[in-house]
Amino acid sequence: MQTSQIDIAAFGPEHLEAAVKLSQQAGWPHRLEDWQMALIMSKGVVAIEGNRVVGTVFVTPYESDCATINMVIVDEAMRGRGLGRKLMDAAVELAADRPLRLVATTEGMPLYEKLGFEKTGRVLQHQGIAREIATPAAAEAADTFDIQAIAELDRLAFGADRRRLIAYLAEVGEFAVIRRDGRVSGFAALRAFGRGEVIGPIVSGNLDDAKALVQHFIAVKTGRFLRVDTTADTGLSPWLAEYGLAHVGGGIAMMKPPVHRAADPAAITFALANQALG
């Protein structure tokens with residue numbers, strides 16, 4: 001049986017429309033604008049058979065601290081030919097020596113485990129039409145002077161410098177914050193994504209503050225389609241379901257090499273970096 005040549009090339013703007021079609025085939029909600037954001041924030045490659053894009057992967061670096069692997073898609077007609085491994089090898093090369101993070105599907109986990117990734121937790125995806133909720137007193141809209149404090153709090157919670165991501169989210173979306181003694185002690189971002197809007201990342205010192213931050217956006221987006229990704233250990237999941245954001249799936253958070261660090265007691269991360277890109 002003759003097999004065709006598959007080439008790996010740098011992902012460029014000319015590949016965006018084909019990437020949107022691939023994500024639609026996979027059942028993902030990503031719009032052209034969501035892929036454009038991923039391209040702005042990341043470096044990536046495409047797999048090309050003839051003149052057809054049949055695979056994608058992006059690597060989003062956060063300075064030298066770490067990198068996340070996103071948008072791993074293989075055309076369904078090309079599966080079982082080792083293309084996923086080829087894309088991941090290219091991603092690891094793009095990341096250089098940075099520690100890697102990703103959110104795996106059940107189907108992708110065997111490959112990632114072979115490549116040395118280890119499970120670190122479960123991601124729960126919640127989405128739906130937001131129900132009416134009161135505006136919380138604890139949270140308020142951020143202003144431009146808060147962005148530096150938001151980026152620093154995010155760094156403490158996530159363990160990597162994501163100033164560039166935070167600045168971009170401030171341009172295309174908006175932030176809500178909680179203040180304690182005149183200082184930002186928690187934040188959440190909101191931006192357009194997929195079928196509606198996504199809330200995240202969310203960082204706070206406790207569950208009540210996390211709820212207030214999400215509530216701030218639900219209150220002004222009642223009747224709109226919203227998405228929030230959280231982790232199984234935060235306790236946020238049942239509360240989200242009460243307000244119309246049902247648990248619809250998720251994935252497994254993984255790292256390579258595994259990172260074992262004590263969480264900063266002043267900041268708990270309620271949404272993951274991958275959620276920021278989709």
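In which strand is Met71 found? Met71 is found in strand 4, residues 66-74, where helices (H or I, at least four residues) and strands (E, at least two) are DSSP runs numbered from the N terminus. The model is predicted, so local features need pLDDT of at least 70 and side-chain atom pairs count only at pLDDT 80 or more, whereas totals for chains, interfaces and linings use all residues. Residues are numbered from 1 along each chain as its sequence is written, and side-chain values use heavy atoms, with hydrogens and water left out.

View 1. Most residues other than glycine have a negative phi, and most peptide bonds are trans. Met71 is not a glycine, yet has a positive phi of about 55°, and with a relative accessible area of 5% Met71 is buried (buried means under 20% relative accessible area, exposed over 50%, and partly exposed in between, with a 1.4 Å probe and protein chains only). Asp181, likewise not a glycine, has a positive phi of about 55°; Asp181 is placed in the loop between strand 8 (174-180) and strand 9 (183-193), and is exposed, with a relative accessible area of 83%.

View 2. Phe58 belongs to strand 3, residues 52-62, and is buried, its relative accessible area being 0%. Leaving aside residues up to four places away in sequence, Phe58 touches a set of residues including Phe11, Trp35, Leu39, Lys43, Ile69 and Met71, where contact means heavy atoms within 4.5 Å. Ring pairs also join Phe58 with Phe11 and Trp35 into a cluster; rings of Phe, Tyr and Trp (its six-membered ring) pair if their centres lie within 6.5 Å, and planes under 30 degrees apart count as stacked, over 60 as edge-to-face and the rest as tilted. Leu83 is 25 residues from Phe58 along the chain, and the C-alpha atoms of the two are separated by 15 Å.

**View 3. Trp239 and Tyr243, a tilted ring pair.** A search of the whole structure finds 7 aromatic pairs. The ring centres of Trp239 and Tyr243 are 5.3 Å apart and the planes stand at 50°, so this pair is tilted. Trp239 counts as buried at 9% relative accessibility, while Tyr243, with a relative accessible area of 23%, is partly exposed.

**View 4. Arg162 and the rings of Tyr62 and Phe158.** The charged end of Arg162 sits over the ring of Tyr62, at 5.9 Å from its centre; a charge sits over a ring if NZ of Lys or CZ of Arg is within 6 Å of the ring centre and within 35 degrees of the ring normal. Arg162 also lies over the face of Phe158, 4.0 Å from the ring centre.

View 5. Two packed helices are described by the angle between their axes and the distance between the axes. Helix 1 (residues 16-25) and helix 2 (residues 32-41) have axes that come within 9 Å and cross at roughly 115°; axes are lines fitted to C-alpha atoms, for helices over the stretch in contact, and angles run from 0 to 180 degrees between N-to-C directions. In this contact, Leu16, Ala19, Val20 and Ser23 of helix 1 meet Leu32, Trp35, Gln36 and Leu39 of helix 2. By class, the contact of helix 1 with helix 2 has 6 nonpolar, 2 polar and no charged residues (Ala, Val, Leu, Ile, Met, Phe, Trp, Tyr, Cys and Pro count as nonpolar, Asp, Glu, Lys and Arg as charged, and the others, Gly among them, as polar). The axes of helix 2 and helix 6 (residues 163-172) come within 11 Å and cross at roughly 145°. Here Met37, Ile40 and Met41 of helix 2 meet Arg164, Leu165, Tyr168 and Leu169 of helix 6, a contact with 6 nonpolar, no polar and 1 charged residues.

**View 6. Val45 in strand 2.** Val45 is found in strand 2, residues 43-49, and counts as buried at 8% relative accessibility. Among the residues that Val45 touches, not counting those up to four places away in sequence, are Ile8, Phe11, Val57, Leu87 and Leu94.

**View 7. Two cis peptide bonds.** The bond from Gly200 to Pro201 is cis, with omega near 5°, and Pro201 lies in strand 10, residues 196-204. The bond from Lys256 to Pro257 is cis as well, with omega near -15°, and Pro257 is found in the loop between strand 12 (246-256) and strand 13 (268-269).
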